[in-house]
Amino acid sequence: MSGILIVAEHTRGALSELSGELIGAAVGVKERLGGPVRVLVLGEQPEAFVDALNLEGVDEILLGRCDTPHFDAAVYEEMVLAAARQGEPGLILIGHSANGLCYGAALAVSLGSGFAADVFGIEIGENGLRATRSGYGNKIAIEVDFPGKPVVVLTVRGATFKPPPGAGTAIVKELAADLSMLSGRYRHEDYIEAPTAGVDIGKADFILSIGRGIQDEKNVPRFAGLAERIGATLGCSRPIADSGWLPKAHQVGLTGKVAANCKLYLALGISGAVQHLHGMKHIETIIAINTDTNAPIYNVATYGAVMDVFEFADALEQASDAIGA
Amino acid sequence: METRELFWGLTSFGTTVFYLIGFSAIGAFFWGLARSVAKYRRGRASPVGLDWRAGTRRMLADLLTHRTLRRRDPFAGAAHAAIFFGFALLFIGTSIITLEYDILNPLFGVTFWKGQFFLLFSLVLDIAGLAVLIGVVAMMVRRGAFRLPKLDYRRAYAGEGELRDAARRWRVEDWIFLTALLLIILTGFVQEGLRHALERPSWGAWEPVGASIGALFDGLQLDAEDVSILRAVNWWLHGLGALAFIVALPWYKAKHMVAAMGSLMARDPLALRRLPKADPGAEAVGIGNVAQFSWKDMLGFDACTKCGRCHDACPARAAGYPLSPRDLILDLRLHNDAEQGRGTGSKRLLGDVIDPETLWSCRTCGACLEICPVGIEHPVKIVQMRRKLIENDQLDPLLRTMLNTIGTSGNSFGEAARKRANWTRELEFKIKDVRQEAADVLWFVGDQASFDPRNQEVSRTVARLLKAGGVDYGLLYEGERTAGNDVRRIGEEGLFESLVEHNLGQMKAARPFRRIVTTDPHSLNTLHNEYPDFGEIAPVSHYTELLVDLLERGTLKVTRPLGLRVTYHDPCHLGRLNKRYDAPRRVLELIGCTLIEMPRNRDNSFCCGAGGGRIWIPDRPGTLKPSQLRVQEAAGLGGIDVFVTSCPKDLTMFEDARKTAGFEKDFIVEDIADLVAKAIELDAIDLRDLPSLTERITLAVAERVAAVVADRIDAVLAGRGVTAVAGLTLPPPPVPVAEGLPTASVEAIPAVGWGIVPVKPADLPAYDVPPRNGIRILVPVKQIGKLSDEFVFTDDQRSIPGEYFEYLLNEWDDTALEQALRMVEAIGGGEVVVVTVGPPAAEETLRRALAKGAQRGVRVWDDDLADADPVAVARMLAGVAAQERPDLIITGAQSGDQANGATGTALARLLDLPHAALVVDTDWNGTDSMLVTRELEGGLRHRVRIDTPALVTMQTGANVPRYATMRMVKLAKEKPIVELAAGIPECAFRAASTHRMFVPPATRAQMMEGSPAEIAASVIKIIREKMGAKA
C-alpha cells in the first residue's frame, strides 16, 4: 500500500477547516506510513480550491469533476473509489462531519477496508495502523487496530489536528472517473439558512451559555437578563435549542455555531458533550459552573466551580449590583 | 287532656286534597332520589370494597357528634348543629304525630299524643324550631357579612374578577336554601302564634315561642275573623312550603342531606393512604370519561355543600396553582349532571371540563380529603385522572424524563443503582447487608435520603444513632429501589407495580428480619398501607418511634438537654395521612426542647409542596412554593431557634425556602435526628467496629515479635556482608506506556496485498416473515450502556465489565422509532419492525420499542459479536433486512455510547439503498421518493430527495419520542420477537478490533472554592480582567 488519500470538504463554495486539519493529520503520519499524500477535491470547479489545499506535505491534488457543486454521497463515494483504485492508498481520511457521516462507512463497505469513526489519534502500532477514538461520552479512550486490512478508512474528529503551517508543492491532476452508472437516486433540492434571530455567536467576544442545568424553559429569561447585565451574548447547548427554549442561532457547538471570536466563555449547567466542546473548547478563558463534579466540561475549562447554577446566578447578580453595573 | 287539633278548620275535602298533595310530594321526592340513584348506577363499581356496617356506625357517630363539621370552624359547626338537630327533632315530631294520627289511632284506637307527653313534646319542638331559626339566621349572617374566602366562588388562580354564570347560580341556590328554611320555620311559628292568639290554651307556656308570638298578634288587635283567615292561609303556606321543600330537595343544595349520609357511610378509612389497584381486566386505564367514575365518586359530587374547607386547606391553591379541590368537585358535578353518568356528550373530561394543569398541581397531601365534612375523596379522583393522562402521554417533558429515569435506574436521581449505599462509606463502621446477614430491623432508606447530599448527612447521623442505641439493623444496599409512593401518585401505576414487585422480591430473598424502619414518610405510607395489597410485608415504623423507645429506655442517654425553642412540621404522609403525631413530639420533649406549635399543626399541617411528584415538576411563574408560605408561618411565631423536620423531602424544601424567603437569620432547619445527636453528644461516642480484645492483644504481640526477629536477621546478615533482603520491598509498578509513541517502524508493518473486497450482508438463518400488509419500516435500535463514574477495565484492558453500566434505549434510535411510528400513523397503515444486534438482555430494549407501538422485533446475537464494530453490526442488520425487505429503514444517526455514526450508512451500502444521514425532517407519502432535510454544521439545513426504498439516519431533536407506560410494556409481551443465532463463521468479520481501552489523561479546570458570593466575586474579577470594565 502506498500513501494517504484525503477527501476535502466544502459547502456552498467555502472549503471547510476540516480539510486543512485532515492534511495535518496525514502529514503527521506520512513519515511512518509512507507517502504520497494525495488530496481529492470534488465539484463542478474543483480547481478553485487548489491554492487552499496546497499545504506543506501534500504531494498531489486530484480534481474530481462532476456536474453538481452540492454534496452527493453517491458521487463522493464513487469518486473516492476511483481514486483509491488508481492510487492504492493505505489510509483514507475523511472528516467526521455531517457529510462525512453520509459516505465514510459506506466507502469502508465498498472497499472491504478497516474502519473507525471520530478518530482523534492516528499512530502506527505493532499491527500496523492504530487509531484512537473515544467511548462512553468521552469518558474513555479506545485504541483500535485493523489486522489484515490493506486499506483503512478513518473519519477524523474536527478541531483536533492542526493544518500544516506552510505552503506545499503539490502536483495537480485530473481524476478520471466514470460516473455514468450512478442512477441519480439522490437529488439536491435546496438549502435552508439557520434562522439568525439577531444573535451572532460567531462574532461575540463574551458569551454566557446555558445548558440542561437550567431545568426549565421558564428560567431562560432570567439568564438572558443576567447575560445582558454583565454584557455577554446569550448562548446555549443543543438540548436547549432542540426543545425550542431558544432559537437555533444561540446554539454553540458542532451543529450550532463555533464561537470563533470569543475570549471569555461562561458555561452554566452545561455538561460538556463532545459536540458542544467543538464550538468552544478553543476559547482562551472558560469558566464552567455545574452541579456535577465529573462533568467533562471541567476538562476544557480554565476555571470551574461545583455549585447550583441558580445560586450562582443570584450571587453574580448581587455581585454585579454591588459594583454598580 | 292537653293536646291539640290537627287540620283545624279544614274540611274533609281540604284534608283529602292535602293528603293527595302530600303523597304526591313524597312520591316526587323519591322520584328525584331515584333519578340520582340511576345516575350513580351508571358509574362503575367502587374499586375499594366497602364495609357497610362499620361505615354506617361511623356515619351515625359523625352526625351525632357533628365532629366533621366542628373542626376548624366552630361557628359553622354550632350553627349547623342547631339547624340539624332542630330539624331532626321537628322531623321526628311530625313522624310521631303521623304515627298516631294516620296509623295507630284509626287502626287500633291508640292515642298517646296527649297529656304530659304532649306538653314535653311541644316544649322540645318549640326549642328545636327556635334552634333552627337561630342557626339559619347565623348562617345567613355568616354568608352575608363574614366575607369568608372559602365561600368566594371566584377563581383567583384563573384570574377571575367576577363570578362566572355557574357560580352565580350556586350563590342563588345557597340563598334560596337558607331562605326556604327560614320561611318554613317562620310560617311554622306564625301558625303556632296564631293558634295561641285564637285558642289561648291553658298550657300555652309549654310552647314559649308560640306563646310569645301569640302575644304579638294580640298586640296587633286583629279581630278573630281576620286571625282565622290568616291562620288558614298561613297553614297552607306552611304546609305547601314544606312539601315544596321536600319535592325540591333532590334537585339542589338540599340534597346534601341525603347524599352526605351516603358519602359518609361509603367513606374509605384508608383513602389516599392506599390507592386502588388498576383493574387488570379493564380496557381503559384511569378515568378519562365521566362514566368511568364509580357510583361512590358520583355520590361524592352530589354530597358537596360548597363549604370551601378543602379550598382553604389546599397548599397548591394557597401557592397560586390552578387547583381548588372544591372547584374540581363542583366542575365534575356540573359535568356529571349534564351527562347523568353516561359520558356520551361532546365535552372531554380531560381538557374541556378539567384542565390537566389542575390535575398536575396536586400534592396528594390529603388536606382536602381530611377536612371534608361529607367524606369526599378528592385526591383519589385526581390520581385516577392522572393515570389517564399518563396513558395518553400528556405529561410535562421533565416528568416523562423522570419516569424514564426511575424505570432505568430505580431511583429519581438518575444515579447508578450501585451507588445507592455510597452514603455509608463515610461511616466508621459497616452496616449489615440484610441480603447476606439476618438482622432485627431492615432500614428502608429511600431515594432522597440515599442520594441528596444534605439528607445523606442525616442518614449517617441516624445510622450512628441506631448503632449507638445498639439496634441490630441492616440495609438492602443496591437491592433497594424507590418504594414508589410518588410514582403511584403521579399515576404511573405500571411502574409502581414493578417497583413493588422488585422490592418485595428483594425482601423475600433477603435473610430474615423482624420489622422495617424508615426515615422517609412517603416510603412508610406505601410500604405500610399499599404493599400488603401485593404481598406480605413486615410491620413498618418511623425512625422517630424507634428514637422514642431508645430514649425512654435510656439506651441513648441525654447528656446535654438542648433547651431550644423549636417548632415541628408534621409531614403529610406521617402525620395527617397515617395519624402519627406523637413520637416526634415525645422525642423533642425528651431531649429538652420547648415545642411551640405552628397555627397549622398535626392533621392541619401545611404541606411543603413536594408530594404528588411535584418535586420533579418545574414550578410555574407567578406561583410560590407552599414551603415558602410555611416558613413564613414559622417565622410568625417569633423567637424560634430550630424548625424541626422528620422527612427528607421536608428538609430539602424547607432549607431551600428558608433561604429564598429570607429567613436565614430567624431560625435554622434541622432534622430531628441531628437534634437528638447533639443531645446525646453522639460525636463523643466511639462507634468503630473494633476487633475483639483477644485479637488486639495477639496482633500487638505479633508485631513485637516480628520487630525483634527483623533486628536479629539484620545483625546476622551484616555479619556475613550481605545487605538487607531487597525482596521485602515490592518492585516499582510498571510505568504505563505513554500513548502516541510508536512502538514499531514502517518495516515492521506486515505486508498485505492491496485489493478491494466489498463487504457482503451476513447470511442469517431464515425465519418466518409475515406477509406484508401495507408499508413496512425497519428500525434498527441499540441498547446502549451508560457508564458509571467509577469503573475498572477487564484484565485484558479491552472492555469494561457489564456491572458498571446502566442499559437503556439509544436516544437517537428512540427518535428514529418515533419518526417511523408517526409515518405509519400518517400513511394510515403498515408495520414498524425493530431489530437489534444484542445479547439476551437487549430484549428489554426491544420490548420497550414494541411498547411504544412497533409490531414485531428481531434480535440477532452470538457471543462472538460482543466487540463488533459498526460495519460488523451492519452486516447482521443487512442479513435481517434481506429477509424483511422493508420499504424504508430508519435508524438513529449515532449511538449514545460509541457515537460512531456509521452503522446506518454502512447498512445502506450493504443493501445498496439511497441514504441520507443526520435527518431532522422527512416527507414521504409511502411512494417512490421522499424529501428529507439534513442538518449540517452551523445549523444550515440541506434538503434532498431520495428514491425509496431508502435508509435515513435521524438526528435528535427531530421529534419528541412518546412515553411508554409500564402497562404498555407489559402488554407488549404479547408481541413476537424472533431470535436469530448469527452463526460462527459469519460473526468473525471485523472492520476494526479493539487493542485497548484506557482513561485519557485529563486536564482539569482550576476549581474555585468558597461561598457563592465569593465565587461570584472571583468571576466578576475575571470578567473585568478579560473584558474591561463591562460588568
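Modeller: **A helix and its cover**

Helix α8 of chain B (residues 224-248) has 25 residues and reaches 35 Å from its first C-alpha to its last, close to the 36 Å expected at 1.5 Å a residue, where the expected span is 1.5 Å times one less than the number of residues. Helices here are DSSP runs of H or I with at least four residues, numbered from the N terminus. This is a predicted model, in which local features need pLDDT of at least 70 and side-chain atom pairs count only at pLDDT 80 or more, while totals for chains, interfaces and linings use all residues. Residues are numbered from 1 along each chain as its sequence is written, chains are lettered from A and ligands numbered from 1 in the order in which they are written, and side-chain values use heavy atoms, with hydrogens and water left out.

The buried residues of α8(B) are B:V227, B:R231, B:N234, B:W235, B:G239, B:L243 and B:F245, buried meaning under 20% relative accessible area (1.4 Å probe, protein chains only). Their cover includes α1 (12-41), α4 (74-108), α6 (165-199) and α9 of chain B, contact meaning heavy atoms within 4.5 Å.

Of these covering elements, α9 (residues 256-265) holds B:A259, a residue that counts as buried because its relative accessibility is 4%. Leaving aside residues up to four places away in sequence, B:A259 touches B:L299, B:D302 and B:A303; B:D302 lies 43 residues from B:A259 in sequence, yet the two are 6.2 Å apart in space, C-alpha to C-alpha.

Note on methods. Helix = DSSP H or I, 4+ residues; strand = E, 2+ residues; numbered from the N terminus. Buried < 20%, exposed > 50% of the residue type's maximum accessible area, 1.4 Å probe, protein only.
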